[in-house]
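Student: I am new to this structure. Could you show it to me and let me ask about the terms?

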Amino acid sequence: MNAAEELDRLLSIMIRLRDPQTGCPWDRVQTHETIAPFAIEEAYEVMDAIAREDWQALPDELGDLLLQVIYQARIAEEAGRFNFADVARQISDKMIRRHPHVFADQELDSDLWERNKQAERAAKSEYGVLAGVAPALPALIRAEKLGKRAARVGFDWDTPEQVLEKINEELAEVRAELPLGDKSRLEDEVGDVLFTVASLARKLGLDPEACLRQGNAKFTRRIEAMEAILAETGSTLSDLDLAAQEALWREVKIRLAFPL
């Protein structure tokens with residue numbers, strides 16, 4: 001079957017799953033709110049497949065993500081709000097509107113995309129430099145987007161070195177709060193550190209989310225290598241005191257950096 005036929009088939013499957021009499025008991029009781037978190041989860045699984053260059057798994061993961069769009073559209077259609085055709089039409093209209101150099105034979109304007117987005121936000125009564133940056137985004141991604149928006153109006157550091165100075169300043173404020181032990185204040189100050197680190201990545205032209213994923217992967221490899229070494233002697237990490245754990249950590253770092 002072609003793409004249109006497969007899409008019609010998927011839409012029909014969702015209608016059947018949601019049928020009040022013959023549908024799936026789980027699927028037919030879901031709401032916009034209950035299934036919303038799955039869209040985020042599926043998007044991250046798409047990212048993971050791409051990061052691993054698993055091109056066989058990617059169609060399956062993209063299908064899971066597409067299903068979340070179909071699911072939300074079907075729930076909305078049942079409530080008389082909109083349907084999948086509305087979703088497809090609006091994104092098609094938006095892409096054509098934002099690319100007049102492709103669809104309307106106009107000259108390429110590098111600032112047009114952002115001007116169109118600003119006009120769309122204004123039409124939704126979303127005003128201000130930070131308008132439209134969704135609060136529900138993962139915190140690190142949102143920090144990067146907020147920083148980019150502020151930078152567009154000149155509210156930004158000139159150099160990465162200046163951001164590093166700001167990180168040191170924020171760390172000093174964390175140290176000052178440590179003796180007091182006020183968790184609310186510490187949360188506030190640590191949040192400032194994390195936000196500024198995200199800004200450092202942005203100033204360096206890096207994706208802070210990708211940086212953290214790489215850091216997570218590195219930490220995982222090292223811990224697993226430590227566990228593998230200890231498993232040969234029948235030990236576990238919890239059998240070692242902190243000094244021994246740190247010594248093994250240093251050993252593993254060298255082994256992984258300079259494999260035989």
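Student: Why are helix 2 and helix 3 called roughly antiparallel?

Tutor: Their axes cross at roughly 160 degrees and come within 8 Å. Angles under 35 degrees count as roughly parallel, over 145 as roughly antiparallel, 65 to 115 as roughly perpendicular and the rest as oblique. Helix 2 and helix 3 are therefore roughly antiparallel. Axes are lines fitted to C-alpha atoms, for helices over the stretch in contact, with angles from 0 to 180 degrees between N-to-C directions. The helices themselves are DSSP runs (H or I, at least four residues), numbered from the N terminus.

Student: What should I know about the model?

Tutor: It is predicted: local features need pLDDT of at least 70, side-chain atom pairs count only at pLDDT 80 or more, and totals for chains, interfaces and linings use all residues. Residues are numbered from 1 along each chain as its sequence is written, and side-chain values use heavy atoms, with hydrogens and water left out.

Student: Which residues of helix 2 meet helix 3?

Tutor: Among them are His32, Ile35, Phe38 and Val46 of helix 2, and the partners in helix 3 include Leu58, Leu62 and Tyr71. Contact means heavy atoms within 4.5 Å. The contact residues divide into 14 nonpolar, 3 polar and 4 charged. Ala, Val, Leu, Ile, Met, Phe, Trp, Tyr, Cys and Pro count as nonpolar, Asp, Glu, Lys and Arg as charged, and the others, Gly among them, as polar.

Student: Why is Ser199 called buried?

Tutor: Buried means under 20% relative accessible area, exposed over 50%, partly exposed in between (1.4 Å probe, protein chains only). Ser199 has 2%, so Ser199 is buried. Ser199 lies in helix 9 (residues 183-203). Not counting residues up to four places away in sequence, Ser199 touches Trp157 and Val163.

Student: What makes Glu53 exposed?

Tutor: Its relative accessibility is 56%, so Glu53 counts as exposed. Glu53 sits in the loop between helix 2 and helix 3. Phi of Glu53 is near 55 degrees, a positive value in a residue other than glycine. Most residues other than glycine have a negative phi.

Student: Is Asp105 buried or exposed?

Tutor: Asp105 has a relative accessible area of 75%, so Asp105 is exposed. Its place is in the loop between helix 5 (100-103) and helix 6 (112-123).

Notes
Helix = DSSP H or I, 4+ residues; strand = E, 2+ residues; numbered from the N terminus.
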